[in-house]
Amino acid sequence: RGVKIMALLGGLGTSEGNPKSLRNKQIAALKCMLNLNSNPGRSTGPIEPVWKVLIYDRYGSDIISPLLTVKELRLLGVTLHLQIDSRREQIADAAAVYFVIPTKENVTRICSDCRSQLYNSYYLNFITPISRDLLEDLARGTLEASSVPLISKIYDQYLNFISLEDNFFIARNQDTQHLSYCELNKPGATDSSVQSICNSIVESLFSVFVTAGSIPVIQCPRGGAAEMVAQTLDKKLRDNLRDPRNNMFTGDSLPVAQISFSRPLLILLDRNFDLATPMHHTWTYQALAHDILGLRLNRITILADAASSSSLQEPAHTRQQQQQQQDAKTYDLSPSDKFWKQHRGSPFPTVADAVQAAVTEYKASEEEMMRLKSAMGMSGDDIDSEATAGALTENTAKLTSAISSLPELMDRKKSIDMHTNLATALLDQIKERKLDVFFEMEERMITKASLDNKTLLDIISDPSAGSAEDKMRLFIIYYTLSPDMSDGDLALCVSGLEGSGADTTPLAYLKQWKSYAKMAAAAGPRSTKLSASGGSSSSVSNVFSQWMRSGSSTLLEGMKNLVVGSKNLPITRIVDQLMELKTSKDTEDFRYFDPKLLRANGSSLPRSTTPFQEAYVFVVGGGNYIEYQNLQDYSSKQQLPKTVVYGTSELVNARQFLGQLSELGKSSSTM
């Protein structure tokens, strides 16, 4: 049984972005695995790829797909990539690289493949460490099949997380209901079930820091799942550091280039610290794509627009009719896409302008090429002219240059078509659902000292204003930010919501959540509380009141003004206070763990006296692109460079989170 081997980044090359980022380190580990776990960085000459078949399960597919394209897999010698549970034919002269979760089903299938001798050698890579029982099952199965010599290597890869961007990862994409906010907070949740969820999260976080090559200092609020995750991760790191045979953070397990000598800060938070942000109608490109178009693993599937490169001013109903006549189309939004990389965090009006500019620029390049081609078709009399001959020579050189840049021009066209389609689809939804009205309404209720109940009731009762779901999201933000709401006002709002067709079952849970938050706030900082910054609705309101300025009357211009006035979200305030070692009532009672110290806990632990330059922020119970973008904006504005990596147990948009609140509401109402 092998140990984890990770390749030197310099030897393998990396994708776009920071070569020392978590994403690129995970790419390097995958490339090393596909190179049969050899280290090309130590080779003195060119390496010929070994042609192989890649076999993965759903978990392995989710990890690889955002990181490596089919073209990149082929360059690494992968001729076929197949699901482990699919029907596969024999390729007797090929090596097989397996990348799977160690489960009984997968081990049984591997033994079956060995028995059928589908491949001539097997390199088994388990995403998480395989247990001794399963390892014995594997040994027994291959022994019975007389195929032990076919097993070349067995590796624990510690890659149990999904990198979506340089500074963004999620614990998993499959079976996320087992790690969800609903599962953690449902009335019937037992200590053992919550601990099981925490153990799964710890497996992912441990993989993150093994891949990053660093041992974090851990801080978290008292009480809740975040503290359980912190305690379990601290113990796991501590045990590993004190095991000389299996220490994953030494030079024997990691190349020197992979080891980080500066300590990052890991901040663990419960989703309960802020329930308003997941409901918010946002306005940045990436967050809108997630909220409206269902961005998943850097991929979007929408109805193809026949006029993909047409003007964005085309009537919405016409585009909808065209879309209904087309098949679904999938778009990959990778960091190599320059437009996406530049504008994913931009407000939508800026993106719309950029798409228009890109279309104009592309058309100008296309027209220039056509003009050069036309100039090359001069008549014979023209060519006799000395001046014309000189122009022809010049045009020939320009045309040659244009032809050489043709592949780049085609890539630009593909990117422009994709972003035109996405921007059109977003604009259709914005107009149809009047999302600008909801955005401005949320801004008003956030920035005003007294919340306007009448305006809220007007928009809830307006049949032309958005969907029932949009209205429910708006009300949840209002309800969680409002310190006190009379029973009469609540009844009026609920009646209006039900009249619009909204599902009001989340309110049963939110009432309990708000009641618990008030009790926790009244009991003081040492109580078991929902949050360290946003547990009480007034704290969240104070943060949100600094977040935006008032909007204007028009859609795009109004949103530009709102975005310019954006401020730090609750999560960003906590990160700033902990990274800068600031004293704050929000974080004064956070627990502190240092796995490198002999003592496991205690208030007398020596703490870091130097501000942190790198932080990992992990939300237990679901995260979103809104918080991720706010953290990236914060880190980019610092005088000294800071790196903030955002992670979460599952990535949920407002609709998915609202569904979880609805399930909790049903459970609460039956108690």
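## Overall build

A residue is buried when its relative accessible area is under 20%, exposed when over 50%, and partly exposed in between (1.4 Å probe, protein chains only). By that rule, buried residues make up 54% of the 671 residues in this protein. The model is predicted: local features need pLDDT of at least 70, side-chain atom pairs count only at pLDDT 80 or more, and totals for chains, interfaces and linings use all residues. Residues are numbered from 1 along each chain as its sequence is written, and side-chain values use heavy atoms, without hydrogens or water.

The protein has 26 helices and 14 strands. These are DSSP runs (helices H or I, at least four residues; strands E, at least two), numbered from the N terminus. Of the contacts (heavy atoms within 4.5 Å) with a separation of 6 or more, 79% join residues 24 or more positions apart.

## Asn125 in strand S4

Asn125 sits in strand S4 (residues 121-126). Asn125 is buried, with a relative accessible area of 1%. Beyond four places in sequence, its contacts include Met33, Val97, Phe99 and Tyr155.

Asn37 is another contact of Asn125. The two side chains make a polar contact at 3.1 Å. Such a contact is a pair of N or O atoms within 3.5 Å; within protein, one must be able to donate a hydrogen and the other to accept it, and residues adjacent in sequence count only if both atoms are side-chain atoms.

## Helix H20

In H20, Leu490, Cys493, Val494, Gly496 and Leu497 are buried. Seen down the helix axis, the buried residues fall within an arc of 160 degrees (directions from the axis to the C-beta atoms), so they line one face of H20. The face turned away carries exposed Asp487 and Gly499. Gly501 follows H20, with a positive phi near 90 degrees.
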